[in-house]
Amino acid sequence: MKIVLLGPPGAGKGTQAKQLALKLKLPHISTGDLLRKNVAEGSSLGKEASSFMNKGALVPDNLVNQMLALRLKDPDVKKGFILDGYPRNIQQAEELDNILKKLDLGIDAVVYLDTSDKVIIQRLSGRLVCKTCGANFHTTNMPPKVKGICDNCNGELYQRIDDKEETVKKRIEVYKKEVSSLIDYYAAKQKLHRLDADLDATVVLNKIIELSAAHNDSLKV
Ligand code: AMP
């Protein structure tokens with residue numbers, strides 16, 4: 001199963017992708033996570049990317065494309081993947097098709113998680129992320145048992161710099177500029193499935209699993 005999750009920041013792509021990856025036993029590939037890892041490690045890619053990320057702007061295509069192409073060459077990708085945060089524009093969608101073609105792979109389904117601006121801002125401005133394991137919490141929707149501490153690994157929770165309200169607004173603006181062309185691109189290929197991501201996360205997850213099953217006989221019950 002090769003699934004692409006599309007949607008605005010705060011639509012729950014990361015949360016859904018992590019759950020799906022566990023259930024379907026597939027790697028979760030998030031370009032945001034890969035970039036943040038590079039930033040944390042101080043790599044040359046991380047140094048170039050961080051100024052764009054901190055402003056809520058997209059990192060230039062050539063940097064992200066190279067990083068993704070390398071990751072997609074890893075052997076675990078052969079059985080499938082959940083791609084989260086890529087593509088962000090048409091150039092990236094075309095590049096993804098090129099990379100996958102060279103690897104003799106294709107996309108099975110593109111799931112568009114549709115969310116209202118109100119919900120996005122509420123979700124992101126309260127989001128807390130674990131410094132150690134990357135688990136997500138929320139100050140009101142899903143608070144950790146102990147304030148500031150991850151339930152899973154006792155790591156320290158922090159707010160991403162790009163989750164501050166001003167940067168969130170910029171990220172929504174950047175996203176809206178590009179999304180309609182991506183929707184058209186995948187609709188024309190008959191790969192697009194729209195889901196209402198304002199619904200409860202478990203309901204959304206089950207809907208994604210249902211539609212994945214429709215593309216993959218081995219998942220049918
Ligand atoms: P995310 O974790 O997907 O919200 O991504 C966080 C930030 O990483 C974005 O605001 C961008 O600055 C950068 N980023 C992640 N994925 C991409 C991508 N496919 N193209 C360009 N920039 C990206």
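Which residue forms a salt bridge with Arg127, and how far apart are the closest N and O atoms? Before selecting that pair, keep in mind that this is a predicted model, and begin with the whole protein in view.

With the cartoon shown, you can trace 8 helices and 8 strands. The radius of gyration is 17 Å, close to the 17 Å that the globule rule gives for 221 residues, so the protein is as compact as a globular protein of that length. The C-alpha trace spans about 45 × 40 × 35 Å along its principal axes, and buried residues make up 46% of the 221 residues.

Next, select Arg127 and Asp163: these two form the salt bridge asked about above, with the closest N and O atoms 2.8 Å apart. The pair links distant parts of the chain, since Arg127 sits in strand β5 (residues 127-130) while Asp163 belongs to the loop between β7 (157-158) and α7 (165-188), 36 residues apart. Arg127 is buried, with a relative accessible area of 15%, and Asp163 is buried as well, at 0%.

Finally, select Arg127, Arg160, Asp162, Asp163 and Arg171 together, which salt bridges with shared partners join into one network; a search of the whole structure finds 14 salt bridges.

Terms used:
Residues numbered from 1 in each chain as written. Predicted model: local features only at pLDDT ≥ 70, side-chain atom pairs only at ≥ 80, totals over all residues. Heavy atoms only, no water. Helix = DSSP H or I, 4+ residues; strand = E, 2+ residues; numbered from the N terminus. Rg over C-alpha atoms; globule rule 2.2 N^0.38 Å. Buried < 20%, exposed > 50% of the residue type's maximum accessible area, 1.4 Å probe, protein only. Salt bridge = Lys/Arg side-chain N within 4 Å of Asp/Glu carboxyl O.
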